[in-house]
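The following exercises ask the reader to examine a protein chain step by step. Each task is followed by a worked solution.

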Amino acid sequence: MALTKEDLSAISEIMDTKLKTELQPLKNDMQVLKSDMQELKRDVEVLKSDVEDLKNDMQVLQDKVQALQDDMQVLQDKVQVLQDDMQVLQDKVQVLQDDMQGVKDKLHLMKLYQENVITPRLDTIESCYTGTYHRYQNDAEKMENAFEDIDLLKKVVTEHSEKLQKLA
């Protein structure tokens with residue numbers, strides 16, 4: 001039994017129809033796969049862009065963190081300077097307190113010296129001057145009279161000298 005051209009053509013047609021029927025779902029699946037692949041490619045591109053944005057954001061954050069660390073170091077340095085200055089001030093205050101205590105001690109000694117030495121001497125000087133004042137006050141009238149007497153004596157001596165010179 002030899003196959004004729006028509007038989008072969010019919011078989012070919014049956015095979016084409018059968019293949020078309022069975023291949024069509026595969027084509028459809030391939031079309032869906034292609035569409036899914038394109039969608040995946042777009043999603044991958046979006047993810048790549050998002051990752052790049054995240055990298056950029058991460059770099060910006062790292063830069064800001066570094067700037068904050070630098071600022072923090074500057075602040076720590078300034079705080080250290082302030083602490084050093086504060087220590088110097090505390091030392092100076094301590095020196096001033098020690099000096100003040102010395103001044104208080106000397107002032108106390110001066111008060112004691114004034115109370116025990118100067119005041120009694122001043123009292124002695126005052127009593128001496130007061131006594132002298134009272135003596136002079138009492139003798140002041142006598143002195144006035146003595147001056148009047150001396151003036152009178154001068155006049156008398158002058159008169160007598162003149163009279164003696166005339167006699168001589």
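**Exercises on a predicted model**

The place of Leu 19 is in helix α1. The model under study is predicted.

**Exercise 1.** Determine how many helices and strands the chain has, and compare its radius of gyration with that of a compact globule.

*Solution.* Step 2: for 168 residues, a compact globule would have a radius of gyration near 15 Å, but the chain has 67 Å. Step 3: the C-alpha trace spans about 220 × 45 × 25 Å along its principal axes.

**Exercise 2.** Classify Leu 19, Glu 144 and Thr 132 as buried, partly exposed or exposed.

*Solution.* Step 1: the class is buried under 20% relative accessible area, exposed over 50%, and partly exposed in between. Step 2: Leu 19 has 44% relative accessibility and is therefore partly exposed. Step 3: Glu 144, which lies in helix α1, is exposed because its relative accessibility is 51%. Step 4: Thr 132, found in helix α1 (residues 5-167), has a relative accessible area of 18% and is therefore buried. Step 5: for the chain as a whole, buried residues make up 1% of the 168 residues.

**Exercise 3.** Identify the backbone atom that lies 2.9 Å from a polar side-chain atom of Thr 132.

*Solution.* The atom is the backbone oxygen of Cys 128.

**Exercise 4.** Find the salt bridge and describe the positions of its partners.

*Solution.* Step 1: side chains of opposite charge can pair when their charged atoms come close. Step 2: a search of the whole structure finds one salt bridge. Step 3: Lys 48 forms this salt bridge with Glu 45, and their closest N and O atoms are 3.9 Å apart. Step 4: the cut-off is 4 Å, and the pair falls within it. Step 5: because Lys 48 and Glu 45 are three residues apart in helix α1, about one helical turn separates them. Step 6: Lys 48 is exposed, at 52% relative accessible area, whereas Glu 45 is partly exposed, at 49%.

**Exercise 5.** State which residues form the nonpolar patch on the surface.

*Solution.* Step 1: the patch is formed by Leu 3, Leu 8, Ile 11, Met 15, Leu 19, Leu 23 and Leu 26. Step 2: together these residues have about 650 Å² of accessible area.

How values were computed:
Residues are numbered from 1 along each chain as its sequence is written. This is a predicted model: local features need pLDDT of at least 70, side-chain atom pairs count only at pLDDT 80 or more; totals for chains, interfaces and linings use all residues. Side-chain values use heavy atoms; hydrogens and water are left out. Helices (H or I, at least four residues) and strands (E, at least two) are DSSP runs, numbered from the N terminus. Buried means under 20% relative accessible area, exposed over 50%, partly exposed in between (1.4 Å probe, protein chains only). A polar contact is a pair of N or O atoms within 3.5 Å; within protein, one must be able to donate a hydrogen and the other to accept it, and residues adjacent in sequence count only if both atoms are side-chain atoms. Patches are made of residues with over 30% relative accessible area and no salt bridge: like charges are joined within 9 Å, nonpolar side chains (Val, Leu, Ile, Met, Phe, Trp, Tyr) within 5 Å. Accessible areas come from the Shrake-Rupley method with a 1.4 Å probe; for residues, only the protein chains shown count as cover. A salt bridge is a side-chain nitrogen of Lys or Arg within 4 Å of a carboxyl oxygen of Asp or Glu. The radius of gyration is taken over C-alpha atoms; the globule rule is 2.2 Å times the number of residues to the power 0.38.
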